[in-house]
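Subject: Structure handover and notes

Dear colleague,

I am passing on a structure for you to look through, and my notes follow below it.

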Amino acid sequence: MHEYASELILLLFLALTFLQSGADKIFDWKGNIGWLKGHFSKTPFKNSVPLLVVIILVLELITGIASLMGIYGILSSQNTSMAFWGALLGCITLLMLLLGQRVAKDYDGARTIVIYLMPTVFLLFLLQN
């Protein structure tokens, strides 16, 4: 399995990142919505915050689960197809989050999203063969 060490570590990174973020949204729904309504109060997203959070939450959970399934696929049969989908969904989810930060003019927040996006794009690159 050493030939997939990088992919496995990056998939675990995605699983931890997205499942924890999703769990945080579930267990502190009111706190997250309250903060995000303020964050987006001067943007075109101001009236859609709860719907957008549900969309992001679903994508985060699917991405985290797909990443875990990708780990299982690699370890059990060296099959990388689910890992690829986890990485692709991770990129899409992070790009959506990046859009939100840019629209809110939170450039430090956008920079943070890019820090997560870089290893996710690298994982997608590794899994393309």
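The largest pocket has a volume of about 730 Å³. Here a pocket is an open set of points, on a 1 Å grid over the protein atoms alone, where a 1.4 Å probe fits and where protein lies on both sides within 12 Å along at least five of seven lines; lining residues have an atom within 4 Å of a point. The volume is the space filled by probe spheres set on the points, which are joined across faces, edges and corners. There are 28 lining residues, and K25, L36, I56, E60 and L97 are the closest to the centre of the pocket.

Before going further, please note that this is a predicted model, in which local features need pLDDT of at least 70 and side-chain atom pairs count only at pLDDT 80 or more, while totals for chains, interfaces and linings use all residues. Residues are numbered from 1 along each chain as its sequence is written, and side-chain values use heavy atoms, with hydrogens and water left out.

At least two lining residues of the largest pocket come from each of α1 (5-27), α2 (29-39), α3 (49-77), α4 (81-103) and α5 (107-126); helices are DSSP runs (H or I, at least four residues), numbered from the N terminus. The lining divides into 16 nonpolar, nine polar and three charged residues, where Ala, Val, Leu, Ile, Met, Phe, Trp, Tyr, Cys and Pro count as nonpolar, Asp, Glu, Lys and Arg as charged, and the others, Gly among them, as polar.

Turning to the nonpolar cores, the largest has 20 residues, of which L11, I74 and L123 touch the most other members. Such a core is a set of buried Ala, Val, Leu, Ile, Met, Phe, Trp, Tyr and Cys residues joined through side-chain atoms within 4.5 Å, and buried means under 20% relative accessible area, exposed over 50%, and partly exposed in between (1.4 Å probe, protein chains only). The elements α1, α3, α4 and α5 give two or more residues to this core, and the largest share, six residues, comes from α5. Apart from this core lies another of six residues, including I33, V49, V53 and A104.

A search of the whole structure also finds four aromatic pairs, that is, rings of Phe, Tyr and Trp (its six-membered ring) whose centres lie within 6.5 Å, with planes under 30 degrees apart counted as stacked, over 60 as edge-to-face and the rest as tilted. The rings of F13 and Y116 are stacked, because their centres are 5.9 Å apart and their planes are at 20°. Since F13 lies in helix α1 and Y116 in helix α5, the pair ties together parts that are 103 residues apart in sequence. F13 is partly exposed at 27% relative accessible area, and Y116 is partly exposed at 31%.

Two loop residues deserve a look as well. Most residues other than glycine have a negative phi. Q78, in the loop between α3 and α4, has a positive phi near 55°, and K105, in the loop between α4 and α5, has a positive phi near 60°. Q78 is partly exposed at 38% relative accessibility, whereas K105 is exposed at 60%. The C-alpha atoms of Q78 and E3 are separated by 9.8 Å, although the two residues are 75 apart along the chain.

With kind regards
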